[in-house]
Amino acid sequence: MNHQPHQACTSFLAGKLATLDGSTLIARNEDNGVAIWPKKAVMHPADEVRENPFVSKGNQFTTPLPEHAVQYSAVPDNDPSAGDYGESGINAHRVAMSATESAYTNSRVLGVDPLVANGIAEDAMLTVVLPYVDSAQAGIKRLGQLVSTAGAAESNGVLFSDPDEVWYMEIVSGHHWVAQRIPDDAYAVVANQLAIEDVDFDSPDFLTSPDIRQFVQAHRLNPDGGRFNSRHIFGTHSIQDAHYNTPRVWYGHKLLTPSAFEEPTSMELPFIRHAEHKIGLDDVAAVLGSHYQETPFDPIGSGDPADQHKFRAIGLARTENSHILQFQRNVDVTRAGVIWQAFGNPAFNPYVPFYAAGDQLAASYAEDNASYSATNPYWQAKLLEVLSEDHYHANRGLIDDFLKATQSQAFQRVATGDALDHPTAQELGTFNAATAQAFTDSTQAQIGKLVQANAELSALSFKMDANL
């Protein structure tokens, strides 16, 4: 396959007081330029053999690496020729990272601090940051230092969390960045725009590149005068934003804060929101798998075709990796980090829970998968989504029942794992592998049901005469 760009993701973040059980949550759909781009999910052991200095295969970004690395998970491309694209994971210090949410900086900013062709980019970020940090803030500072010194090749948003804090970081130009802690009682939805609003430089809830205020002032980039609204200074406000980006934020808010009565094309949707109920894993799955259900804008709904194709949905056929990275409370540290991993569109595919402290996720998740295989989790997910979308309305009950049943199955697996008596990393890895097999079996059963249901709905059919 020719390399395809990783682009157009949707992100979700929630603080520990906003969630049902006190977990911190970061989550994202990793979308690609094509519908099929195989991904794997792997566990990197501590101090594995690495090339040092690191050199990106994508753009030759180069940096020395610290002497020691800790264990961390990642979801790389099967084809590594253009770079690692590790995308999402949790490390042994209980730090989660998801990179990146592609974004866009306006031309006046890039005119004075352009992006750097061989600066750090999405393909390298997880690999050079996550194995070396022991808190969410440490992750931001390490990535920020790389941006400030080596430069950034792209404008991006990056999600970080640990058991206590959730942060969103935005790379806003070739050498500048801002980061905001999500309030403990709040959530955020981000969709390919620079989203952070007013920055309080005296607050510990913000981190920035060292001289960003002087940079903005020297180049007269602030349209608001007395306030420092990062979105207004660095971001874009285009027609594309109004149809491609802001509607996804609007729909996430609609699900969790329905009384807000926002407009889908508004350029002033708030970055920080408070939900009207405590947020569960099922709520996050509903956001990331959404396609404007129960609105005229659902692409697979029954509305006017002009409305159905007006806005870009969240869950897509080109979603390759969807993940929710959770730090549980009230469990021992070996069970705190849970990787809820889905391949394909989460509108049709379940999230499978894996303990990040295990020595593996599952062998099937880590195997090479360039070509179709009926037993490979990535290809199973893609087959399931194709079968689910075909005759969607006729099979809606079958699809909803499957997602509900597999959500229950996932919660049961976590409850069982949490009850294990002081498991080792190997024992947790074995438990992860058993979880993977259970979901492979459930998914295969659903594929069989959809094959039978869709066969009955074929246009190449007719009512048989009983005498024939």
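Predicted model: local features only at pLDDT ≥ 70, side-chain atom pairs only at ≥ 80, totals over all residues.
Where is glutamine 446 found? I looked, and glutamine 446 sits in helix α13.

**Entry: glutamine 446**

Buried or exposed, I wondered about glutamine 446? Its relative accessibility is 3%, and buried means under 20%, so glutamine 446 counts as buried. Next I checked what glutamine 446 touches, skipping residues up to four places away in sequence. I got Leu384, Leu398, Ile399 and Phe402.

**Entry: α11 against α13**

That took me to the helix pair. I noted that two packed helices are described by the angle between their axes and the distance between the axes. Helix α11 covers residues 377-389 and helix α13 covers residues 425-456. I found their axes 10 Å apart, at an angle of about 30 degrees. Angles under 35 degrees count as roughly parallel, so that is what I wrote down for α11 and α13. The crossing of α11 past α13 is left-handed.

Which residues of α11 meet α13? On the α11 side I listed Gln380, Leu383, Leu384, Leu387 and Ser388. On the α13 side they meet Thr440, Thr443, Gln444, Gln446, Ile447, Leu450, Val451 and Asn454. I sorted the residues of this contact into 6 nonpolar, 7 polar and no charged.

**Entry: α6 against α7**

α6 passes α7 in a right-handed crossing. The α6 residues in the contact are Gly252, Leu255 and Leu256, and α7 brings Asp283, Ala286 and Val287. My tally for this contact reads 4 nonpolar, 1 polar and 1 charged.

**Entry: threonine 10**

Last stop was strand β1, residues 10-14, where I found threonine 10. Threonine 10 has a relative accessible area of 0%, so I put it down as buried. What does the side chain of threonine 10 make a polar contact with? The partner is the side chain of arginine 248, at 2.9 Å. I also went through the contacts of threonine 10, leaving aside neighbours within four places in sequence. They are Ala27, Arg28, Asn29, Glu101, Val189, Val190, Arg248, Leu288, Arg312 and Ile314.

Key. Residues numbered from 1 in each chain as written. Heavy atoms only, no water. Axes fitted to C-alpha atoms, helices over the stretch in contact; angles between N-to-C directions. Helix = DSSP H or I, 4+ residues; strand = E, 2+ residues; numbered from the N terminus. Parallel < 35°, antiparallel > 145°, perpendicular 65-115°, else oblique. Left-handed = near helix turned anticlockwise from the far one by under 90°. Contact = heavy atoms within 4.5 Å. Nonpolar A, V, L, I, M, F, W, Y, C, P; charged D, E, K, R; others polar. Buried < 20%, exposed > 50% of the residue type's maximum accessible area, 1.4 Å probe, protein only. Polar contact = N/O pair within 3.5 Å; in protein donor to acceptor, adjacent residues only side chain to side chain.
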